[in-house]
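This note is intended for a colleague who is meeting the structure for the first time. The points below may be read alongside the sequence and the model.

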Amino acid sequence: MAKKTKRKLAHPKLPMQRQLNLRHEGKYFDLRPIFDQLNERYFRGRLRGYKVMWGRRRKHRPREYFIFGTIQEEDRMIRINPSLDQPFVPLWFLRYVLYHEMLHSVVPDETVSRGRRRVHTEEFNRRERDFPSYRRARRWEEENLARFLR
Ligand SMILES: [Zn+2]
């Protein structure tokens with residue numbers, strides 16, 4: 001919080017574009033180059049026009065579950081939980097989180113029963129497991145989840 005204020009004071013007249021760009025830059029990780037690299041390597045550059053940004057910081061950590069990232073197809077927006085912008089978070093874990101959200105944009109949902117959609121389909125799960133650090137990332141997630149919860 002204090003950091004953000006400082007930055008604003010130091011550059012009171014940033015052009016709008018620059019201000020928007022800042023939002024993919026965290027304190028420790030810049031999401032943009034991570035996204036671009038994953039897009040080239042695993043999706044043949046297929047995800048076009050996507051914005052990737054750190055979500056809003058919450059006042060309180062959640063109690064029950066933690067949402068690492070979200071994707072909104074309508075406005076091609078991927079948001080990553082800003083709690084992941086911390087030095088103890090391995091880059092390969094952050095890459096996995098981004099990959100997961102990106103995969104949603106290329107693997108279609110399925111309707112399971114009336115009105116019920118399944119987003120983590122068989123195909124989705126299979127392609128997710130193909131990600132090189134998948135197992136390591138899931139293990140890290142299990143072992144470190146408590147650090148993100150209250
Ligand atoms: Zn998902």
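1. With 17 C-beta neighbours inside 10 Å, Glu 128 counts as partly exposed, because the partly exposed class lies between the limits of 12 or fewer for exposed and 20 or more for buried. Glu 128 belongs to helix 5, which covers residues 122–129. Please note that the model is a predicted one.

2. The surroundings of Glu 128 reach well beyond its own helix in sequence terms. Once neighbours within four places in sequence are set aside, Glu 128 is in contact with His 100, Leu 103 and Tyr 134.

3. The overall composition is as follows. The chain contains six helices and five strands. Read from the N terminus, the order of elements is α-α-α-β-β-β-α-β-β-α-α. Of the 150 residues in the chain, 18% are buried. Among contacts with a separation of 6 or more, 68% are between residues 24 or more positions apart.

4. Which order do the strands of the open sheet take? The order is 1-3-2, in a sheet of three strands with mixed pairing. Strand 1 and strand 2 stand at the edges and each has a single partner strand, so one side of each lacks a neighbour in the sheet. From one strand to the next, the twist averages 15°. Helix 3 packs on this sheet, where it touches strand 1 and strand 3, and its direction makes about 140° with that of strand 1.

5. The pairing within the sheet can be described strand by strand. Strand 1 and strand 3 are parallel and are joined over four bridges; Val 52 has Ile 78 of strand 3 as its bridge partner. Strand 2 and strand 3 run antiparallel, and four bridges join them as well. Gly 69 stands opposite Ile 80 in strand 3.

6. Two arginines deserve attention for their backbone angles. Arg 76 is not a glycine, yet it has a positive phi of about 45°. Arg 76 lies in the loop between strand 2 (69–72) and strand 3 (77–80), and these strands form a hairpin with four residues between them. With 14 other C-beta atoms within 10 Å, Arg 76 is partly exposed.

7. The second case is Arg 44, which also is not a glycine and has a positive phi of about 50°. Arg 44 is found in the loop that connects helix 3 (31–43) to strand 1 (51–54). Is Arg 44 buried or exposed? Arg 44 counts as exposed because it has 9 C-beta neighbours inside 10 Å, and the limit for that class is 12 or fewer.

8. The largest nonpolar core has 21 residues, and those touching the most other members are Leu 31, Ile 80, Leu 94, Val 97, Leu 98, Tyr 99 and Met 102. At least two residues of this core come from each of helix 3, strand 1, strand 3 and helix 4. Helix 4 supplies the largest share, eight residues. Tyr 99, apart from residues up to four places away in sequence, touches Leu 38, Tyr 42 and Phe 131.

9. Helix 4 (residues 91–106) also lies across strand 2 and strand 3, and it runs at about 25° to strand 2.

10. The final point concerns a pair of helices. In general, two packed helices are described by the angle between their axes and the distance between the axes. Helix 4 packs against helix 6 (residues 134–144) at an angle of about 100°, and their axes are 9 Å apart. Helix 4 and helix 6 are therefore roughly perpendicular to each other, since angles of 65 to 115 degrees fall in that class. On the side of helix 4 the contact is made by Trp 92, Phe 93 and Tyr 96, and on the side of helix 6 by Tyr 134, Arg 136, Ala 137 and Trp 140. By class, the contact has six nonpolar, no polar and one charged residues.

Key: Residues are numbered from 1 along each chain as its sequence is written. This is a predicted model: local features need pLDDT of at least 70, side-chain atom pairs count only at pLDDT 80 or more; totals for chains, interfaces and linings use all residues. Two residues are in contact if their C-beta atoms, placed from the backbone, lie within 7 Å. Two strands pair if DSSP finds at least two bridges between them. Axes are lines fitted to C-alpha atoms, for helices over the stretch in contact, and angles run from 0 to 180 degrees between N-to-C directions. A nonpolar core is a set of buried Ala, Val, Leu, Ile, Met, Phe, Trp, Tyr and Cys residues joined through C-beta atoms within 7 Å. Angles under 35 degrees count as roughly parallel, over 145 as roughly antiparallel, 65 to 115 as roughly perpendicular and the rest as oblique. Ala, Val, Leu, Ile, Met, Phe, Trp, Tyr, Cys and Pro count as nonpolar, Asp, Glu, Lys and Arg as charged, and the others, Gly among them, as polar.
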